[in-house]
Structures are given as structure tokens and as C-alpha cells.
Amino acid sequence: QVQLVESGGGLVQAGGSLRLSCAASGRTLAGYTMGWLRQAPGKEREFVAAMSWSGEYTYYADSVKARFTISRDNAKNTVFLQMNSLKPEDTAVYYCAARFGRLPSSGWATTSLYAYWGQGTQVTVSS
């Protein structure tokens with residue numbers, strides 16, 4: 001079992017930045033792809049970003065590309081999401097998630113690919 005705990009959410013003005021963290025426990029994240037997904041009120045959960053265990057492969061939703069950066073510290077079992085140039089439409093609950101192995105070459109943004117999920121952290125961007 002993998003337990004995931006997100007932190008770093010909050011209220012920020014448009015154009016500002018936040019850095020989310022996800023601490024994993026229960027087992028090492030060796031071999032796990034880590035992802036960030038989000039869910040806005042009244043909307044379905046959507047993919048944001050993901051990174052393979054080695055860091056060789058990274059994936060971003062078009063809506064966050066060039067603004068968000070995913071990174072991980074495998075020695076500390078921690079994953080980060082640096083969010084810059086935030087927009088009101090980025091407002092959502094952000095979830096950290098994990099899956100063993102790489103993402104498929106097609107359909108890699110599918111939210112159901114992940115076996116483990118954190119409880120989420122709220123990000124609110126005011127205009």
C-alpha cells in the first residue's frame with residue numbers, strides 16, 4: 001500500500017505561484033509513475049502532469065504546459081508540482097496519485113490509470 005499526503009495548496013492571486021508537495025509512505029516509490037490530477041467544482045477530475053520513476057518521461061496537460069513543472073525527489077519519496085502564472089481556471093482540488101510502471105503510450109492522461117490517491121489539497125486562484 002502507498003499512502004499519499006498532499007500539501008502546499010492555498011489562495012493566490014492570478015499570476016502568482018504555488019508549489020504543491022506530495023509525501024509518500026508505506027513503501028518506496030521505486031518503479032512508480034507519479035501524477036497530479038485536479039477536480040474543479042462541477043467538473044470531472046482531469047489530468048495535470050505526471051513523471052516516470054526515473055524522471056525520463058514527463059507528461060503535461062496542454063492547459064498547464066509551460067506554466068507547471070512536475071519534479072520528484074525519490075530519496076525522500078516526495079513529488080512536487082510547481083505552478084506559475086496561475087489563472088482562475090486553475091482553481092481546483094489537486095490530487096497526487098501513483099501507479100506502478102510507466103504510463104501507456106496512448107491514453108496516458110486517463111485519470112483511472114492510478115491505483116493510489118491522496119486526499120487532495122485546495123488551490124484557489126482569485127482574479
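Okay, let's start with Thr33, which sits in strand β4, residues 32–39. Keep in mind that this is a predicted model.

So, is Thr33 buried or exposed? Buried: its relative accessibility is 1%, and the cut-off for that label is under 20%. What does its side chain do in there? A polar atom of the Thr33 side chain lies 2.7 Å from the backbone oxygen of Gly101. Gly101 also turns up among the residues in contact with Thr33 once you skip neighbours within four places in sequence. That list includes Ala50, Met51 and Ser52, then Arg72, and also Ala97, Ala98 and Arg99. Tyr114 is on it too.

Next, Trp53. You'll find Trp53 in the loop between β5 (46–51) and β6 (58–60). Trp53 is partly exposed, at 32% relative accessible area. With neighbours within four places left out, Trp53 is in contact with Leu29, Ala30, Gly31, Tyr32, Arg72 and Asn74.

Asn77 isn't a glycine, yet its phi is about 55 degrees. Asn77 lies in the loop between β7 (68–73) and β8 (78–83), and at 14% relative accessibility it counts as buried. Then there's Ser85, also a non-glycine, with phi near 50 degrees. Ser85 is in the loop between β8 and β9 (92–100), and Ser85 is partly exposed, with 41% relative accessible area.

Methods: Residues numbered from 1 in each chain as written. Predicted model: local features only at pLDDT ≥ 70, side-chain atom pairs only at ≥ 80, totals over all residues. Heavy atoms only, no water. Helix = DSSP H or I, 4+ residues; strand = E, 2+ residues; numbered from the N terminus. Buried < 20%, exposed > 50% of the residue type's maximum accessible area, 1.4 Å probe, protein only. Contact = heavy atoms within 4.5 Å. Polar contact = N/O pair within 3.5 Å; in protein donor to acceptor, adjacent residues only side chain to side chain.
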